[in-house]
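Below are some notes on the model, for reading beside the coordinates.

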Amino acid sequence: MKAAFDFHGGIHPAYNKETTAGLPAEELPLQEKYIVPLSQSLGAAGNPVVERGTEVLKGQLLAEPGGFVSVPIHAPTSGKVSKIDNFPHPSGRMMTALEITADGEDRWIDGCGPLRDFENMKPDAIKKAIWDAGIVGMGGAAFPTHVKLSPPKEKPIDTLIINGAECEPYLTADHRIMVEHAEEVISGARLMAKVIGVERIIVGIERNKPDAIDKMLSLADGIEVEALHVVYPQGSEKQLIYALLGRSVPTGGLPMDVGVLVQNVGTAMAAYNACAFGYPLIERIITVTGSGIAQPKNLKVRVGTLVSDIVQYCGGLSRNTMKAVMGGPMMGIGQHTLDVPVMKGTSGMVFLTAGEVTLFRSDPCIRCAACVEACPMGLLPTVISSYSVNSMFDTAQEYHAMDCIECGCCSYSCPSHIPLVQNIRRAKAEILSKQKKAS
Amino acid sequence: MILTTVLTLAAIGLLAGIGLGAAAKIFAVYIDPRVEQIEAVLPQYNCGACGYAGCSDYAKAVVEGENPNLCAPGGPVTNQQVSGIMGAEVVEQEKMVAFVLCAGNNTLATKKYIYNGVADCNSADLVGGGDKACSYGCLGLGSCVLACDFEAIVIEDGLARILPDMCTGCKACVPACPKNIIKMIPASRSVHVVCSSQDKGPVVRKICKVGCIGCKRCTKDIPNEEIFMVDTLAVVDYSKSLRSDAPAKVCPTDSIQVIETEFTESIITPEPVEQAAAQEERA
């Protein structure tokens, strides 16, 4: 192991991972109902291929991809499609989803099952298996994996990075995956490396997960395992690439511009399951934690499981629970109802209590530059935010608003509690809609 | 001594005067006197409703052939004057005002969460579409108020309301609304469907007390051409004059309202006999 590079900025929030870090992932018992949204990843939503009343088997195709940047969606269990309607979506809006009423038998569709000869699969076959399984980036952004595995010819890739940093406070799902499913992660990483034809695979893990590092090291034959500094946002693609390789992704660019592909450990495991068993992505490991939940747990849940069912299994919420966040507390989305389903990109649910949630109250900027110090992208958050507040979106764009990764370091470090990220997000939305209009 | 000084200065003054006079003649720029005349009658709000960067710019454009009837804040009076200066035909224009197609205030519409962020509708809209349970409704954070140069919009109990006597029809508020529920309507209309929700009836009923539930009573029970259905939403066709308050009386959720102002036409209440006859005819 060599010393890792340090990226600029970042913060050190309270990690609160010890609650669940040592808990093996339990399997959530079969539920009566699952809500499977058609829109679960970046890109186009799926087009349903079943109707109301259709009997489906576990793993059966429910929706076809709506384009290249889109993935198919599969049934989480066997049962009946009881409704196709608008349901609450983790984004906060109502969106089309399929309600599956389970028949309790949990019968697999034909074609999924015994171990196959995955080691001799051709690159194209691996990529097709990954697309057919509906795999998306499982670290949170939910970008379709097969798209990432199809870089243009003029951008050769030399390194595959497996992201096990898990820098979001509270979450321990990736940690458990690395401890409990290390073989699958490594096999999955090798499969993906084969697709893009690279030799070098690096697994990056933050130092606060020594058992995961040990486990991966013990299995990593020819794979580099690097221990990373514990700093948020270490798990962000661009920061991770810099920390491991010292390469900077150019402004507006993608990791492929510096010859790198980054995949989450959960994605690697899903890729292995897709190639070795033909399993579609219908299950994932999530962390249910925070002081608001009675029994914090790491859980293996089906995609489409309602958060309310998970809360019930974990012993319910305490009375002073103030906020339910899907994902980590830094970048997760606050939920207004527990009737939202777990999606492919959901890494956890964090329940915060009254003492941990502060209400918005902001003072004028005192020009202390704490946000500038904290920004891992080297931006001037306060400047972009001010331009956004004054509707000067063109100027905000000149200050590289579009390079903001919305990690929240600036808002976290601002002594005046200015909602910098929300203002910058506003600017990004305005810039995008203007670009859309222009094209 | 003094004499020399006085003479020198006088000579310099004379030369400079002749120079300036000559320059004024040689480098003179012809300005159409009508530009100044038009500028004088324009209201000088510089609101941009005409599509030009201020009144002065519009005055120039009119002289160069632009439509002389574009000044919304000035209204018919100004447009007549401008047309008069240009010698163009005076076009009769209706006073247009902005109108918010939502009546779901904090009392009547439910909220889905406590919004705790930037007090601006566009920013709130990024957080799951805002805190209103209805995804079509007014967020009441006043992005339109900020856009209005004429203090014509007020927020009352979490709902934007436009004051027709202050509204000049400049349309600045229309694009400011992220929900796109501010429409320009003739000021003379008094019967409105104060809802923009495309949700189905049961959903609307659950989240708003003044939402249109798409029962179609306003179009079926009272035969008229002024109100039509867009899926599950009744919509007023403002190009037609609607002076009967019958649709408002028949609406079960009060989402059709009669709002009278100093500009509105008088309201006619049709006799119940006519309604009964119409119903019979339909039956």
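1. A:Thr145 belongs to helix H3 of chain A, which covers residues 145–148. This is a predicted model, and the points below should be read as descriptions of that prediction. The relative accessibility of A:Thr145 is 1%, so this residue counts as buried; the cut-off for that label is under 20%.

2. What surrounds A:Thr145? Beyond its neighbours within four places in sequence, A:Thr145 is in contact with A:Ile130, A:Ile135, A:Val136 and A:Gly137, and also with A:Met192, A:Gln263 and A:Thr267.

3. A:Glu406 sits in a loop of chain A, between helix H12 (393–398) and helix H13 (409–413). Its relative accessible area is 26%, so A:Glu406 is classed as partly exposed. If residues up to four places away in sequence are set aside, A:Glu406 touches A:Met331, A:Val421, A:Arg425 and A:Lys428. A:Cys371 lies 35 residues from A:Glu406 in sequence, and the C-alpha to C-alpha distance between A:Glu406 and A:Cys371 is 13 Å.

4. Chain A as a whole has 14 helices and 17 strands. For its 439 residues, a compact globule would have a radius of gyration near 22 Å, and the 21 Å of chain A agrees with that. The C-alpha trace of chain A spans about 65 × 50 × 50 Å along its principal axes.

5. Of the 439 residues in chain A, 54% count as buried. Among contacts in chain A with a separation of 6 or more, 72% are between residues 24 or more positions apart. The accessible surface of chain A is about 18500 Å², and carbon and sulfur atoms account for 53% of that surface.

6. One open sheet in chain A has six strands, in the order S1-S14-S13-S17-S15-S16, with mixed pairing. At its edges are strand S1 (26–27) and strand S16 (333–335), each of which pairs on one side only. As background, the strands of a sheet pair through backbone hydrogen bonds, in either a parallel or an antiparallel sense.

7. Within that sheet, how do strands S13 and S14 of chain A pair? Strand S13 (residues 283–289) and strand S14 (residues 297–302) run antiparallel and share six bridges. Opposite A:Ile285 stands A:Lys300 of S14(A).

8. Strand S17 of chain A (residues 348–353) has six of its six residues buried, so this strand is largely enclosed by the rest of the structure. A:Gly348, A:Val350 and A:Leu352 point one way from S17(A), while A:Met349, A:Phe351 and A:Thr353 point the other way; all are buried.

9. S17(A) pairs with S13(A) in the parallel sense, through three bridges. In this pairing A:Thr289 has A:Val350 as its bridge partner in S17(A). S17(A) also pairs with strand S15 of chain A (residues 321–326), here in the antiparallel sense and over five bridges. A:Lys323 has A:Leu352 of S17(A) as its bridge partner.

10. Another open sheet in chain A has four strands in the order S2-S8-S7-S4, with antiparallel pairing. Its edge strands are S2 (33–37) and S4 (55–56), and each pairs on one side only. Strand S7 (residues 79–88) and strand S8 (residues 94–102) of chain A run antiparallel and are joined by nine bridges. The bridge partner of A:Phe87 in S8(A) is A:Met95.

11. In chain B, helix H3 (residues 55–63) has these buried residues: B:Cys55, B:Tyr58, B:Ala59, B:Ala61, B:Val62 and B:Val63. The cover over the buried residues of H3(B) includes helix H2 (33–41) and helix H4 (75–86) of chain B.

12. Strand S6 (residues 227–230) and strand S7 (residues 233–236) of chain B pair in the antiparallel sense over four bridges. B:Ile227 has B:Val236 as its bridge partner in S7(B).

Key
Residues numbered from 1 in each chain as written. Chains lettered and ligands numbered in written order. Predicted model: local features only at pLDDT ≥ 70, side-chain atom pairs only at ≥ 80, totals over all residues. Heavy atoms only, no water. Helix = DSSP H or I, 4+ residues; strand = E, 2+ residues; numbered from the N terminus. Rg over C-alpha atoms; globule rule 2.2 N^0.38 Å. Buried < 20%, exposed > 50% of the residue type's maximum accessible area, 1.4 Å probe, protein only. Contact = heavy atoms within 4.5 Å. Areas by Shrake-Rupley, 256 points an atom, 1.4 Å probe, with all protein chains shown as cover. Pairing = 2+ DSSP bridges.
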